[in-house]
Amino acid sequence: MLSLARLKQQTGSEARLLEQDPDPRIRIDMSWDGSVCRSKLVNEGDRPLRVKEVVLFSGPSGLHPDTGLYGEGFNMLSQYGGTLGRPENVGQVGDRAHYKIPQPEGAHVVYNLALLSPEPSRHMLLAFSSCRRFSGEFRFFRDGRLEIALDTEGLALAPGESWELEEFLYAEGERADDLFDQLAARLRMNHPPLTFPHVPAGWCSWYAFGPDVTPQDILGNMRTISEHALGLTYIQIDDGYQAAMGDWLKPKPSFPDMKELCRTIKENGFEPAIWVAPFIAEAGSDLLREHPDWFVQDEHGRPLPSDRHSYGGWRNGPWYMLDGTHPEARRYLTQVFRTMREEWGCKYFKLDANMWGALHGGVRCDPGMTRIEAYRAGMSAVLEGGGEDSF
């Protein structure tokens, strides 16, 4: 049966290489502090090794197929429930079928967090409590095996080099919420959260008007909110103001002056807020046409459409993926958010389609960075432009 003691035995841990090596002198160091495991991968050889993935645990779970399952997806829309024997999508999409994320055959995969419930009052939480470089996977095979792995994306580990891997947490208890509290404490320690002095309250244009919203729609609803004293602060302009996906500072003809619109919102006692999908651009955008090198590339050095390896996007697709490892792309993101903040007056940003900053496939500007690092670098540029007191 799966337990902390079994995990501490380091059963089946191995580094799987992208290419065969006759003498892969590679070592995994694992140390436990209570229920928290920290690990390191070390190349003790004299040549670089391209590491596909690191498996921290592999072996039979010992759990009955009727064991309850909750698992996170790589995307916020792909969560999982059901049982180990019959996993189910909580929502309408899944990582394998919809987002086409590569997964081992014969396995149901959840990402970074799995809650297993053999009994109503007995729960086991398996989770990666950091995500600095590598995405974590829990692979439940149909034959009862479990693999706990980190996707190292085929990066080269140089001779004498070591990688700090992601922190892993295992917890058991009668109440699932108590286990999630333990995980939240570790996440706060490894990734201190952004703070904001109050919970923002406002109105979002998307749910009434979608991408066909106009300035008149926004101002009309603002006046109604003001007349009825609904206690809302933010008027959030959602998808539909931009000329094209990716051209966030170029409004479409029906939105001739974003600065004036935001100024009007402020003059009426509200705060303007804005929707941005920072990591995507559509085929007809000025951004893609003028700076194709800022995007994730295909094998021929051309921008890679996301529908070649994954889901192409829900509107005006296929989307192309801005490369967070490209320094000019990061400068562009900082410029966009700084302009919206300093010139438009927006200090509230609704960010969407963020997963496209960390999708699999393609070639990035910096081959030594993972897609997780590319995402985090892009988000750092967003934060720099948005300012520390923005939400």
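Tyrosine 99 counts as buried, at 3% relative accessibility (buried means under 20% relative accessible area, exposed over 50% and partly exposed in between, with a 1.4 Å probe and protein chains only). Tyrosine 311 is partly exposed, with a relative accessible area of 23%. This is a predicted model, in which local features need pLDDT of at least 70 and side-chain atom pairs count only at pLDDT 80 or more, while totals for chains, interfaces and linings use all residues. Residues are numbered from 1 along each chain as its sequence is written, and side-chain values use heavy atoms, leaving out hydrogens and water.

## Aromatic pairs

The whole structure holds 20 aromatic pairs (rings of Phe, Tyr and Trp, the last by its six-membered ring, with centres within 6.5 Å; planes under 30 degrees apart are stacked, over 60 edge-to-face and the rest tilted). In one of them, the ring centres of tyrosine 99 and tyrosine 311 lie 6.0 Å apart with planes at 80°, so this pair is edge-to-face. Ring pairs also join Tyr99, Tyr311, Trp314, Trp319 and Trp356 into a cluster.

## Arginines over rings

Now for two charges over rings (CZ of Arg or NZ of Lys within 6 Å of the ring centre and within 35 degrees of the ring normal). Arginine 133 lies over the face of tryptophan 163, at 5.5 Å from the ring centre. Arginine 145 sits over the face of phenylalanine 141, where the distance to the ring centre is 4.0 Å.
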